[in-house]
Amino acid sequence: ASGPAPRRIADFQEVLGEPTVALAKLRDLCFSGIPFDGGLRCLCWKILLNYLPLEKALWSSLLKKQRDLYSQFLKEMIIQPGIAKANLGVSREDVTLEDHPLNPNPDSRWNTYFKDNEVLLQIDKDVRRLYPDMAFFQRPTDYPCLLILDPQNEFETLRKRVEQTTLKSQTVARNRSGVTNVSSPLKTTPNSLSEYEVLPNGCEAHWEVVERILFIYAKLNPGIAYVQGMNEIVGPLYYTFATDPNSEWKEHAEADTFFCFTNLMAEIRDNFIKSLDDSQCGITYKMEKVYSTLKEKDVELYLKLQEQNIKPQFFAFRWLTLLLSQEFLLPDVIRIWDSLFADDKRFDFLLLVCCAMLTLIRDQLLEGDFTLNMRLLQ
């Protein structure tokens, strides 16, 4: 039992045991990696992502309030449209002109429903292929959403909605213009929905939970809605919370992930907004910063990449936008995120990690030609 592990766990427990968590101390500990034991990581991430306040006395009431709010979102955005759809074939008297599927008014509920389907199809395509080398996302969750899977309800779930929708996915192929290298070349995509095992009634897979989180986020944030790659941000968060050894917290992984994801997106959403690319907060600025940092640390490598006209947007766009979630295996991503979330100048450390990734392969880069180096970097 001796050695660094129990000591480290004790250090965390001590900081988290105080009535008010000392954020600077916690950040310091988290930066060197958070032990998985006893749900420490899940708890620390919730504090570092500003979901839980530093005053412990406020935790239980805040969690209850946020989880109730999330149930409300589910009722308004998934259950009600699903009930309206189910009722349509049964009772006709409640269908007024305003709520007729062919009503051309852009504010009609049906128009919204069809518009939402376009977003939903894109989300669906992306979440089904989350971490294909791991079985986790295809497995059923221990805590299916009872609100939605109640056998009394005949209404449409998101999965049924995707299966029934006749919208062709071409309409959602309008990817972020010109940037198509967000998803990893390592990932293979099954050819059709039928390649997935369909879980028995009353069960739902973890990817379906992620789909719901992203769909609700898109509905509540119409200015940004859903952009390909957000699935890669929500995946590690949800995985971490849904494997929490503390079952009381694990049961609420969906709601907690939603709010932590929303807070994280508030910090990085500028990376996903095309119009901000050249602003101080935009992604172009950050990519340039990777090169200016590299120039300070390793001028020879910097000049070599410049000479070959290898621009940071060729590889660093994905690294920075997705917080390296595509460059490493999930356990490593989670470990890197411990440090990224603990960084008080949030994501300055990410730039250093990107530079370190370049200097670690400097010898190959210095010897390689353009084609070889591009392959290596991408």
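This passage describes the overall make-up of a predicted model and the packing of helix 9 against two other helices.

The chain contains 18 helices and 0 strands, and 49% of its 378 residues count as buried. Among contacts in the chain with a separation of 6 or more, 75% are accounted for by residues 24 or more positions apart.

Helix 9, spanning residues 230–242, and helix 15, spanning residues 330–342, have axes that come within 11 Å and cross at roughly 95°. Since angles of 65 to 115 degrees count as roughly perpendicular, the two helices, helix 9 and helix 15, are therefore assigned to that class. On the side of helix 9 the contact is made by Glu232, Ile233, Pro236, Leu237, Tyr239 and Thr240, and on the side of helix 15 by Leu330, Val333, Ile334, Trp337 and Phe341. By class, the residues of this contact comprise 9 nonpolar, 1 polar and 1 charged.

Helix 9 also packs with helix 3 (residues 40–48), at an angle of about 130° and with the axes 9 Å apart, an arrangement that makes helix 3 oblique to helix 9. The crossing in which helix 3 passes helix 9 is left-handed. Here Arg41, Cys42, Trp45 and Lys46 of helix 3 meet Pro236, Leu237, Thr240 and Phe241 of helix 9, and the contact divides into 5 nonpolar, 1 polar and 2 charged residues.

Methods
Residues are numbered from 1 along each chain as its sequence is written. This is a predicted model: local features need pLDDT of at least 70, side-chain atom pairs count only at pLDDT 80 or more; totals for chains, interfaces and linings use all residues. Side-chain values use heavy atoms; hydrogens and water are left out. Helices (H or I, at least four residues) and strands (E, at least two) are DSSP runs, numbered from the N terminus. Buried means under 20% relative accessible area, exposed over 50%, partly exposed in between (1.4 Å probe, protein chains only). Contact means heavy atoms within 4.5 Å. Axes are lines fitted to C-alpha atoms, for helices over the stretch in contact, and angles run from 0 to 180 degrees between N-to-C directions. Angles under 35 degrees count as roughly parallel, over 145 as roughly antiparallel, 65 to 115 as roughly perpendicular and the rest as oblique. Ala, Val, Leu, Ile, Met, Phe, Trp, Tyr, Cys and Pro count as nonpolar, Asp, Glu, Lys and Arg as charged, and the others, Gly among them, as polar. A crossing is left-handed if the near helix is turned anticlockwise from the far one by less than a right angle, and right-handed if clockwise.
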